[in-house]
Amino acid sequence: MLHFFYSLVFRLALPFVLVRLWWSGRDNPKIRRHWLQRVGLVQRFREPVIWVHAVSVGETIAAAPLVKTLLRRNPDATILMTAMTVTGLERAQAIFGDQVKYAYSPYDTPGSVRRFVDRINPRALVIMETELWPNMIALTRRRQVPIFLINARLSERSARGYAKIGSLVTPLLASIRWIAAQAQDDADRFLRIGAKPETVSVTGSIKFDVDITDAVRQQARALRTRLGEDRPMWIAASTHDGEDQQILAAHQRLLEDVPKALLVIVPRHPERFESVARLIQSQGLTLARRSRNDDGSGVQVYLGDTMGELLMLYGAADLAFVGGSLIERGGHNPLEPAAWGIPVLSGPHVFNFETIYGHLQQGAGVSVVADSEALHQRLAEFIREPATAQLAGRNALAVVDANRGALNRVVDGIISRAQEEGAGAA
């Protein structure tokens with residue numbers, strides 16, 4: 001019954017959702033592009049596809065090594081990547097080019113999902129992390145398609161919310177062939193809200209399997225040479241509104257101690273690039289922008305206002321602050337800077353990545369700061385004491401290396417379980 005009312009409400013809301021989509025596209029026409037895909041009108045596929053769903057940028061990056069491994073094991077496979085956001089699809093296209101197909105995920109109405117599934121003819125659905133869309137799961141499973149929830153995480157807050165709508169969530173979990181949980185706590189929460197024990201495994205997080213290619217390393221070295229190898233350089237990545245001000249205040253204080261210090265700031269969402277540039281200039285700080293290929297050698301702040309380059313930008317820095325954590329956003333993935341072997345700093349609000357941060361804290365691979373002043377003090381300490389910074393970076397890298405291997409476990413699990421159902425997913 002609850003599923004019926006959910007679908008009814010979404011059907012009634014769909015016209016308003018589409019109007020909002022059109023309205024949002026006034027300043028960014030990309031939002032309106034391919035809008036028919038959102039109601040299920042995608043191209044038809046002759047051959048069955050492996051459908052990989054990643055809601056936005058973070059999940060797309062997490063899915064990248066999984067998709068690359070599936071393609072490597074079966075080069076003839078057709079993989080369709082879907083996302084809900086423009087930036088999610090753009091990130092996927094930047095990673096894979098023409099190796100995979102792309103589409104926006106359908107809105108979760110029965111009609112939109114049914115049209116979508118009829119056209120793509122999936123032989124497996126791989127959902128990244130915790131995207132439990134009732135109609136996507138129910139209507140895909142109705143076609144006897146195996147569904148996999150990969151790199152699954154479930155915070156205590158989310159588990160309490162799902163528990164309140166158990167009559168909707170429990171049937172969805174029963175439709176999922178395999179839940180590959182990041183940690184035992186995640187697995188326990190999935191079991192608590194109704195998952196069957198035989199469908200839940202703890203595989204670890206595939207995000208630990210960070211792959212830094214030689215090309216990315218060369219690009220990072222070239223950028224560092226351009227920006228100045230003899231100056232301390234720190235990066236504040238995936239920042240949000242309400243956080244940029246605190247980061248700039250910390251940098252202002254740092255410049256009093258270290259006048260040559262350079263901040264690389266990378267806002268989480270591209271629609272904020274312009275407003276952050278104005279904020280930087282309003283603080284009296286000199287600015288260079290990557291999108292304009294500005295000379296950053298003599299400035300105080302370098303704005304990373306391009307897409308798909310964050311991993312490389314981490315590699316050019318000496319220290320990394322991971323955003324979404326000085327405000328109650330829940331944090332972002334700290335493993336990319338950790339894989340470079342540089343000190344990782346974060347604010348206290350990391351509930352979206354509590355397992356990963358737990359590993360880093362146990363291994364002394366992250367510094368958690370409460371506010372802007374604590375951030376400044378920790379940055380200054382690392383710059384004053386290179387040996388301390390080097391140890392912190394080695395600790396962070398050691399945590400990454402110690403937890404690698406989830407990727408192969410996950411791919412093996414998908415293949416074996418899909419074959420058991422006769423899907424031949426790889």
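Strand 1 (residues 49–53) is largely enclosed by the rest of the structure, because 5 of its 5 residues are buried, that is, under 20% relative accessible area with a 1.4 Å probe and protein chains only. Strands here are DSSP runs of E with at least two residues, and helices are runs of H or I with at least four, numbered from the N terminus. This is a predicted model, in which local features need pLDDT of at least 70, side-chain atom pairs count only at pLDDT 80 or more, and totals for chains, interfaces and linings use all residues. Residues are numbered from 1 along each chain as its sequence is written, and side-chain values use heavy atoms, with hydrogens and water left out.

Val-49, Trp-51 and His-53 point one way from strand 1, while Ile-50 and Val-52 point the other way.

## Pairing partners

Strands pair if DSSP finds at least two bridges between them. Strand 1 runs parallel to strand 4 (residues 122–128), to which 5 bridges join it; His-53 has Ile-127 as its bridge partner there. With strand 2 (residues 79–83), strand 1 forms 4 bridges, also in the parallel sense, and Ile-50 stands opposite Ile-79.

## The second largest pocket

The second largest pocket has a volume of about 670 Å³. Among the 20 residues that line this pocket, Ser-24, Asn-28, Ile-31, Val-86 and Glu-271 are the closest to its centre. Helix 1 (2–24) and helix 3 (86–96) each give two or more residues to the lining, and helix 1 supplies the largest share, 4 residues.

Key
Buried means under 20% relative accessible area, exposed over 50%, partly exposed in between (1.4 Å probe, protein chains only). On a 1 Å grid over the protein atoms alone, a cavity is a set of points where a 1.4 Å probe fits but cannot get out, and a pocket is an open set with protein on both sides within 12 Å along at least five of seven lines; lining residues have an atom within 4 Å of a point. Grid points are joined across faces, edges and corners, and a volume is the space filled by probe spheres set on the points.
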